[in-house]
Structure formats: structure tokens, C-alpha cells
Amino acid sequence: MGSVTFDHPDPSILTVLTAPLDDHGRAIADFVVFPGRWEVAEHSFRPPYMHRNAATEINAVVRTPSDEGGYVAGCTFVSPLLTAHGVSTHTYDEVLSLPSEIAEKPRRMPDESLWVMFESALPFQSTAWARETPLVDTDFHKLFEGMRNRFDPTRP
């Protein structure tokens, strides 16, 4: 497994089950598993940058060796269609603060880590229970507070 262009490898290469929707590459459902793996990309920001998808993602952390920037084992979170999402501000800042000689080295995502994702191009509607349960982490948004723009149009 590897990145063929830049940044982190596209999660679609980890898809284990798919139900195609049409001939435009969309799916009724994709089931993706993120096991331990090597991340190897040169001269690039490896974690998934803030991005939007033409699908809704439901992510779940099955197990993790650490809290991974706020994501704990057993948590599930939804990124609705065309909603910006990515790593937490803490993780983003941590990666950008690494000296280049460390950031450029291959990194092993631990075998103790296991995440899964269910994704669909079809619309979702949440239930009243999902919106109102006390299990909802009302502070989840705080993981992304303080994210700042680092875009510099003068840099290649």
C-alpha cells in the first residue's frame, strides 16, 4: 500500500466491501478498515488535511494504543456530506512542529490501532435518539478549535 501522488494514501485503497451506486465512482455503501500500516510519503503532510467528500462518513475507533488526539476507543463520529473534516488541531500542530528530518521518516501506524469507516453517497437522516442521547460528546468540536490557515501562495 502506498501513496501514488502525495499526502496520505487515499482511504479507498483500504475498502474491504463496496456496493456501487452508479458509474461515477459513487457508492451506496463502502466499508473501510484502517489497520496498522506504514505511512511513507516524501516531502508531504501525511495526516489527512481538512477536506470535504461527496459522501457521508461514519467513523469508529475500535481500538487505539492512545487517545490519538481526542479519539478514544469506542467512539463513533459522523462527517456529513460536504462537511470539512480532518485531524484534530492538536495532531495537526504536532505534525507541523516536527523537524523535517523526523517528519520525513517512514512512520508505522501501530498494529494496536483499528479504525473502521462506513461511507455512503446517499443522504442520511439522524434519529431523535441520536440527536438527544446523553452519549453525544457536546465538546467534540473543541478538538478543532484554534485551527489556523497556513496557506502561503508564495511557496511552491
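In which sense do β2 and strand β7 pair, and over how many bridges? β2 and β7, the latter made of residues 114-120, pair in the antiparallel sense over five bridges. The legends below describe close-up views of a predicted model.

**Figure 1. The protein chain has three helices and seven strands.**
Along the sequence, these elements follow the pattern β-β-β-β-β-α-α-β-β-α. The protein chain has 156 residues, and buried residues make up 29% of them. A residue is called buried here when its relative accessible area is under 20%.

**Figure 2. Strands β1 and β2 form a hairpin.**
Strand β1 covers residues 15-20 and strand β2 covers residues 27-34. The two strands run antiparallel and are joined by five bridges. Within this pairing, Leu-17 stands opposite Phe-31 in β2. Six residues lie between the two strands of the hairpin.

Val-32 has Met-117 in β7 as its bridge partner. For Val-33, the bridge partner in β7 is Val-116.

**Figure 3. Five strands make up an open sheet.**
The order of the strands across the sheet is β1-β2-β7-β4-β5, with antiparallel pairing. Which strands stand at the edges? β1 and β5 do, and each has a single partner strand, so one side of each has no neighbour in the sheet. From one strand to the next, the twist averages 10 degrees.

**Figure 4. Leu-82 has a positive phi without being a glycine.**
The phi of Leu-82 is about 60 degrees. Leu-82 is placed in the loop between β5 and α1, the helix of residues 89-97. Is Leu-82 buried or exposed? Its relative accessibility is 52%, and exposed means over 50%, so Leu-82 counts as exposed.

**Figure 5. Phe-140 and Phe-144 form an aromatic pair.**
The structure holds seven aromatic pairs. In the pair shown, the ring of Phe-140 and the ring of Phe-144 are 5.5 Å apart, centre to centre. The angle between their planes is 65 degrees, and the pair is edge-to-face; an angle over 60 degrees is what gives a pair that name. Phe-140 counts as partly exposed because its relative accessibility is 26%. Phe-144, at 23% relative accessibility, is also partly exposed. Both rings belong to a cluster linked by ring pairs, together with Tyr-71, Phe-77 and Trp-115.

**Figure 6. The second largest pocket is lined by 24 residues.**
This pocket holds about 750 Å³ of space. Which lining residues lie nearest its centre? They are Thr-76, Phe-77, Val-78, Ala-130 and Val-136. The elements that give two or more residues to the lining are β4 (56-63), β5 (76-79) and α3 (128-132). By type, the lining divides into 13 nonpolar, nine polar and two charged residues. Phe-77 is part of this lining and also one of the members of the ring cluster in Figure 6.

Conventions: Residues are numbered from 1 along each chain as its sequence is written. This is a predicted model: local features need pLDDT of at least 70, side-chain atom pairs count only at pLDDT 80 or more; totals for chains, interfaces and linings use all residues. Side-chain values use heavy atoms; hydrogens and water are left out. Rings of Phe, Tyr and Trp (its six-membered ring) pair if their centres lie within 6.5 Å; planes under 30 degrees apart count as stacked, over 60 as edge-to-face and the rest as tilted. Buried means under 20% relative accessible area, exposed over 50%, partly exposed in between (1.4 Å probe, protein chains only). On a 1 Å grid over the protein atoms alone, a cavity is a set of points where a 1.4 Å probe fits but cannot get out, and a pocket is an open set with protein on both sides within 12 Å along at least five of seven lines; lining residues have an atom within 4 Å of a point. Grid points are joined across faces, edges and corners, and a volume is the space filled by probe spheres set on the points. Helices (H or I, at least four residues) and strands (E, at least two) are DSSP runs, numbered from the N terminus. Ala, Val, Leu, Ile, Met, Phe, Trp, Tyr, Cys and Pro count as nonpolar, Asp, Glu, Lys and Arg as charged, and the others, Gly among them, as polar. Two strands pair if DSSP finds at least two bridges between them. Axes are lines fitted to C-alpha atoms, for helices over the stretch in contact, and angles run from 0 to 180 degrees between N-to-C directions.
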